[in-house]
Every structure is written in C-alpha cells, then in structure tokens.
Amino acid sequence: MTTYEAQPEICEVCRQTITPGQGVRANIRDSSFAHPVDHHRDGMRRLHACTPDHLLELQQGYRGRPFTDEELWAAKIERVMMRYPQGTSLENLAIESGLSLFQLEAASRWRLRRSEAVSATGP
C-alpha cells in the first residue's frame, strides 16, 4: 500500500506556501474548469490564497471573466480525452463526458473559433 503525503497549498497570487490551517479559500464559477474526478464540481474552481486581500484579488480576476457553456463542455471533453490519448469514438466521448452530440459539436466550434482568434493575434 502506498502512502501519499498531502501537497502543501500555494497562494495563487504570491506563490508562497500556505501553512496548514491557515490561508483562505473560496469557490468561484469558472467555465474553463473541469474537476479531474468529480463531474459535479465542473465549473466551480477552488481558489487558495494566503490572505483575504490575495483571495479578493483572485476573485476579482475571475468575476471579470464570462462563463461560457461551450468552454465548460470543451473542458469536459478534454478531461475524457486525457484518458484516451489515441482517441475514442464519438459515442464513447458523449457517454463519458455526459454531453449530447449537440454539445460536443458546439464545444468543438467554440474551440476552433478560439484557436483561430489566438492564431490571428499571434504568439
């Protein structure tokens, strides 16, 4: 049996280690976030900060960001595809992501538009 040590939390603003039992946390809506194992937590990112001021700074950054269903669907697809580096069928992708074929297509269009926008603005 392998024992895993808990990784220390890091403040997402100043990158300082947060002493166990210290720091502040909050959940915030974020359509780019698909939880690695719990699909019920998709779209809700957990923020970690060493002080209330740093947490406020993080929250303000995410509040200015729109929540887009297609982005969340793309994140869900990416989570599934991490398990299938060689690819999988569209039917399996729909089942494992919990998305409809319409949502899969909409997420693909969203990702393509985003990729084209990034390409147009350069590196």
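Trainee: Why is Cys14 called partly exposed?

Mentor: Its relative accessibility is 27%. Buried means under 20% relative accessible area, exposed means over 50%, and partly exposed lies in between, with a 1.4 Å probe and protein chains only. Cys14 therefore counts as partly exposed. This is a predicted model, where local features need pLDDT of at least 70, side-chain atom pairs count only at pLDDT 80 or more, and totals for chains, interfaces and linings use all residues. Residues are numbered from 1 along each chain as its sequence is written, and side-chain values use heavy atoms, leaving out hydrogens and water.

Trainee: What makes the sulfur of Cys50 too far for a bond?

Mentor: The closest cysteine sulfur, in Cys11, is 3.6 Å away. A disulfide is a pair of cysteine sulfur atoms within 2.5 Å, so the sulfur of Cys50 is too far from that of Cys11 for a bond. The structure holds zero disulfides.

Trainee: What makes H2 roughly perpendicular to H3?

Mentor: Helix H2 (residues 69-82) and helix H3 (residues 90-97) pack at an angle of about 110°. Angles under 35 degrees count as roughly parallel, over 145 as roughly antiparallel, 65 to 115 as roughly perpendicular and the rest as oblique. H2 is therefore roughly perpendicular to H3.

Conventions
Axes are lines fitted to C-alpha atoms, for helices over the stretch in contact, and angles run from 0 to 180 degrees between N-to-C directions. Helices (H or I, at least four residues) and strands (E, at least two) are DSSP runs, numbered from the N terminus.
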